Amino acid sequence: MSAAVPVQSVAVIGGGLSGSLFALKLAKARPDYRVTIIEATRRLGRGLAYGACSPRHLLNVPISRMEVGLTPGFEDWLEDNPTAQDDLAAALEESGGDLHSVFMPRALFGAYLEERLEAAIVIGPGPGLTVIRGEAVGLLARPARGVRLSDGREIAADTIVLATGNLAPGTPGGPDRWLYDSPAFVPDPWAPDAFDGVAPDDPLLLLGAGLTTVDIVLKLGAAGHHGPILATSRRGLLPQVHEAGGAWPAFLEAALPASPRALMRLVRAQVDAAEAKGIPWQRVFDAARPAIPAVWGSWSIREKRQFLRHLRTRWDVHRHRMAKRIADALQAEIARGRLEILAARLRGYRRSDDGIEVTLTSRTGGERRFTAARIVNCTGPRRDVGGLAIPLIADLRDQGLALPDALGLGLETENCALLDSGHRPSTWLFALGALTCPQWWEITAVPEIAVQVDRLVGQLANPEAAHLSAGDFLDLGAGI
Ligand SMILES: Cc1cc2nc3c(=O)[nH]c(=O)nc-3n(C[C@H](O)[C@H](O)[C@H](O)COP(=O)(O)OP(=O)(O)OC[C@H]3O[C@@H](n4cnc5c(N)ncnc54)[C@H](O)[C@@H]3O)c2cc1C
């Protein structure tokens, strides 16, 4: 018997959380479609976040926020999974028995997603969810649409969804750029060979003090590194810590703050009011979160730029928090003198007999010298795709199929449809996750991505239905 002919073929480039979740949900909503995930690496559902991690790396949101609408749910899966029981018991003890608010190892979430995919994948032609291993390097737009792979294969598709996720970090600015070409510089701390040749007592300088730095300090510690680490950023602010309990009502939707300063004033007033009632300030940020795409979308480019220049760091350290267990582990490293966080500006690098001597001016004014065996780029994923030489992105730009945004945050989209170089939304080319940052701003973590995925699945599963308006599409309200 010959296989049924799919009514639509959809290619999803990238099999991390965004691409996998989208493909699973679309294949379920439309069993008559052929949905193909194209993934460059060996494992599905992992990406950087849930793949390149040790057991000490915990999710940075509680498990209740990692529910993405699959069956079984993550919580149920954890309870039934023998390999998760030790971690679950430890986390439950820490949370006082409240399952919803526990923080579990990130690798378990990756295993959960991978299992859902393995159960759903079909082999052979016809409708269903399939996977192709390969790197997408270009798109075919006409006469027929499809995806070109680095090995020369061409995958036909009516609709294409880019879910290529987090880019490797960009090269930092600063003085003495020769350093970035030297073997002492680690350009991507997630690369498999990033710390090859680093001795356990080597002193290290980490550029950045955000979640990547937190991850790398713990990863190195788990691998036996015990040398001194200096982590530096302009403000020297570590991510804040999660705290459970309390609730705070939505407060931004009624009147969107007209400027970044108005947003911060409003948030500060709400934090004061919450704390006066004994409610953790974290609930105020949680309450703000669903309205952020609408607030961001209401600002002019000047206001967005102001936010990025003056408020982004402070916003990020409060919004993207770490689990208490992680914060405790980090504080222990600081207390025993292995880790120091320094608010400073880099002044220069100099080769010395012992490695690279770095000169910094601390925010409080003093000069500081530190000799490091390696300088590690922990500045976080690069967002600016403007001049990027990644083949797929370069091909999209060259064909005029995509438009990098003016603020260097990703690609211009309208309800996930890519805008072409003439600012027209595509009818067949879409994006999910990090690439859509210019329209959503807050589209990093699972809760927001899950809502975005549901909206796009709804749209592509029912192409005849009226499209959601931009406001409805971006309204995260009930979703997180
Ligand atoms: C270290 C880290 C920890 C995080 N922890 C959390 C957390 O605890 N909770 C949370 O909510 N969020 C967390 N995040 C945020 C994270 O970005 C999202 O949760 C989510 O993983 C993003 O998934 P994605 O699929 O969009 O991107 P990615 O996970 O980056 O996946 C993209 C995939 O696309 C593939 N790909 C890229 N280009 C191509 C190509 N040309 N051809 C074929 N395949 C390609 C890549 O190989 C990759 O598998 C974390 C992020 C990082 C970096």
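Helices in this tour are DSSP runs of H or I with at least four residues, and they are numbered from the N terminus. With that in mind, welcome to a predicted model.

**Stop 1**

Select residues 391-398, which make up helix 12. Its buried residues are Leu392, Ile393, Ala394, Asp395 and Leu396. Now bring up the strands around them: the buried residues of helix 12 pack against strand 1 (8-13), strand 4 (136-140), strand 5 (146-149), strand 7 (159-162) and strand 17 (425-431).

Step just past the end of helix 12 to Gly400, where phi is positive, about 75°. This glycine sits in the loop that runs from helix 12 to strand 15 (413-414). Is Gly400 buried or exposed? Gly400 counts as buried because its relative accessibility is 15%, and the cut-off for buried is under 20%. Which residues does Gly400 contact, once neighbours within four places in sequence are set aside? Show Asp420 and Ser421, and you have them. For a sense of distance, draw a line from the C-alpha of Gly400 to the C-alpha of Glu442: the two residues are 42 residues apart along the chain, and the line spans 26 Å.

**Stop 2: the ligand**

Now centre the view on the ligand and select its surroundings. The shell holds 32 residues, and the closest are Ser18, Glu39, Tyr50, Asn60 and Val446. Colour the shell by class and you will find 16 nonpolar, 12 polar and 4 charged residues.

Which helices and strands each give at least two residues to this shell? They are helix 1 (17-29), strand 2 (33-39), helix 2 (47-51) and helix 14 (446-461). Helix 2 supplies the largest share, with 4 residues.

- At Asn60, a polar backbone atom lies 2.7 Å from an oxygen atom of the ligand.
- At Val446, the distance from a polar backbone atom to a ligand oxygen is 2.8 Å.
- At Ala136, a polar backbone atom is 2.9 Å from a nitrogen atom of the ligand.

How much of the ligand's accessible area does the protein cover? On its own the ligand has 990 Å² of accessible area, and the protein covers 89% of that.

**Stop 3: Val61**

Val61 is buried, as its relative accessible area is 7%. Beyond residues up to four places away in sequence, Val61 touches Met66, Phe103 and His242. Keep Val446 on screen too: Val61 and Val446 are 385 residues apart in sequence, but their C-alpha atoms are 8.8 Å apart in space.

**Stop 4: two cis peptide bonds**

Stay in the loop between helix 2 and helix 3 (74-80), where Pro72 lies. Select Thr71 along with Pro72, and look at the cis peptide bond that joins them, with omega about -5°.

Now go to the loop between strand 4 and strand 5 and pick out Pro143. The bond from Arg142 to Pro143 is also a cis peptide bond, with omega near 5°.

**Stop 5**

Select Asn415, in the loop between strand 15 and strand 16 (417-419). Its phi is positive, near 50°, although Asn415 is a residue other than glycine. Asn415 is buried, since its relative accessible area is 10%.

Then select His423, in the loop between strand 16 and strand 17. His423 is not a glycine either, and its phi is positive at about 65°. Is His423 buried or exposed? It counts as exposed because its relative accessibility is 54%.

**Stop 6: a pair of helices**

Display the side chains where they meet. From helix 7, show Pro260, Arg261, Leu263, Met264, Val267 and Arg268; from helix 10, show Glu303, Gln306, Phe307, His310, Leu311, Arg314 and Trp315. Coloured by class, this contact shows 7 nonpolar, 2 polar and 4 charged residues.

Key. Residues are numbered from 1 along each chain as its sequence is written. This is a predicted model: local features need pLDDT of at least 70, side-chain atom pairs count only at pLDDT 80 or more; totals for chains, interfaces and linings use all residues. Side-chain values use heavy atoms; hydrogens and water are left out. A residue is near a molecule or strand if one of its heavy atoms lies within 4 Å of it. A polar contact is a pair of N or O atoms within 3.5 Å; within protein, one must be able to donate a hydrogen and the other to accept it, and residues adjacent in sequence count only if both atoms are side-chain atoms. Accessible areas come from the Shrake-Rupley method with a 1.4 Å probe; for residues, only the protein chains shown count as cover. Ala, Val, Leu, Ile, Met, Phe, Trp, Tyr, Cys and Pro count as nonpolar, Asp, Glu, Lys and Arg as charged, and the others, Gly among them, as polar. Buried means under 20% relative accessible area, exposed over 50%, partly exposed in between (1.4 Å probe, protein chains only). Contact means heavy atoms within 4.5 Å.
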